[in-house]
Amino acid sequence: MEPIVLFGIQFTFSLVAYALIAWWYGAPRLARLPREAALVPLVWIHAFRIVGGTILAPGAVDSAVPAEFRTMIGYGDMVTAVLALIALVALRRRMPAAIPLVWICLVVGLLDTVNAIIQSMRFSVFTYPLGVNWVIVTMYVPALLVSSVLIFIHLRRPSTSA
């Protein structure tokens with residue numbers, strides 16, 4: 001099976017599974033919470049984007065994977081993880097900047113994810129051995145996308161925090 005076909009199957013299956021979990025379990029529970037409280041578990045998912053930095057570790061992927069791609073992907077994920085942590089601290093401290101920080105994290109994270117998808121096609125990275133990064137892309141990125149949709153939905157809700 002062609003690597004890109006296998007990727008497509010695994011990615012789609014994970015995306016559907018996470019979407020069903022969100023729709024059936026997550027969204028109904030989060031909808032009962034104040035906006036700021038509902039955002040916290042969703043933003044936590046992005047705080048672990050630090051795992052995307054794995055691509056920068058020597059030997060984590062085939063050395064033929066272009067360094068430009070590895071650098072762009074690794075640092076983009078780590079920057080988003082830092083933004084998520086900052087947003088979480090702001091939410092926890094009920095800072096007025098909390099919601100704008102979540103917006104920044106969401107936008108940067110989505111731009112990074114879209115860029116990663118485009119660049120992975122541009123560099124044909126699925127033809128290289130990716131090691132654990134294959135699992136990150138097929139299992140974790142779909143969770144990031146689903147949580148991003150939920151974050152967007154909750155950011156659009158009016159604030160009802162007590």
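Tutor: One point before we start. This is a predicted model.

Student: How do you know that the radius of gyration agrees with a compact globule?

Tutor: Set the value against the rule. For 162 residues, a compact globule would have a radius near 15 Å. The chain has 17 Å, which agrees. The C-alpha trace spans about 55 × 30 × 20 Å along its principal axes.

Student: What share of the residues is buried?

Tutor: Buried residues are 40% of the 162. The cut-off for that word is under 20% relative accessible area.

Student: What share of the contacts comes from residues 24 or more positions apart?

Tutor: Take the contacts with a separation of 6 or more. Of these, 82% are between residues 24 or more positions apart.

Student: What makes a set of residues a nonpolar core?

Tutor: The residues must be buried, of a listed nonpolar kind, and joined through side-chain atoms within 4.5 Å. The largest such core here has 22 residues. Leu39, Val43, Leu91, Val102, Ile151 and Leu155 have the most contacts inside it. Helices α1, α2, α3, α4 and α5 each give two or more residues to this core. The most come from α3, with six residues.

Student: Which residues does Leu39 touch, its close neighbours in sequence aside?

Tutor: Leu39 is then in contact with Leu91, Ile99, Val102, Ile151, His154 and Leu155. There is also a second, separate core of 14 residues. Ile55, Val61, Val65 and Phe126 are among them.

Student: Now the charges. Why is the pair Arg49 and Asp77 called a salt bridge?

Tutor: The rule asks for a side-chain nitrogen of Lys or Arg within 4 Å of a carboxyl oxygen of Asp or Glu. The closest N and O atoms of Arg49 and Asp77 are 3.0 Å apart. That is within 4 Å, so the pair counts. Arg49 sits in the loop between α2 and α3, Asp77 in helix α3, and 28 residues separate them.

Student: Why is Arg49 called buried?

Tutor: Its relative accessibility is 2%. The limit is under 20%, so Arg49 is buried. Asp77 has 12%, so Asp77 is buried too.

Student: What other salt bridge does Arg49 form?

Tutor: Arg49 also pairs with Asp112, with the closest N and O atoms 2.8 Å apart. Asp112 is in helix α4, so this pair ties together parts that are 63 residues apart in sequence. Arg49 and Asp112 are both buried.

Student: How do you know that Arg122 and Glu68 pass the test?

Tutor: Their N to O distance is 3.7 Å. The limit is 4 Å, so this is a salt bridge. Arg122 lies in α4 and Glu68 in α3, so the pair ties together parts that are 54 residues apart in sequence. Glu68 is at 45% relative accessibility.

Student: Which residues are joined into one network?

Tutor: Arg49, Asp77 and Asp112, through salt bridges that share partners. The count of salt bridges comes to four.

Student: Last one. Why is Ala27 not called buried?

Tutor: Ala27, also in helix α1, has a relative accessible area of 23%. Buried needs under 20%, so Ala27 is partly exposed. Leaving aside neighbours within four places, Ala27 is in contact with Ala22 and Leu150.

Methods
Residues numbered from 1 in each chain as written. Predicted model: local features only at pLDDT ≥ 70, side-chain atom pairs only at ≥ 80, totals over all residues. Heavy atoms only, no water. Rg over C-alpha atoms; globule rule 2.2 N^0.38 Å. Buried < 20%, exposed > 50% of the residue type's maximum accessible area, 1.4 Å probe, protein only. Contact = heavy atoms within 4.5 Å. Helix = DSSP H or I, 4+ residues; strand = E, 2+ residues; numbered from the N terminus.
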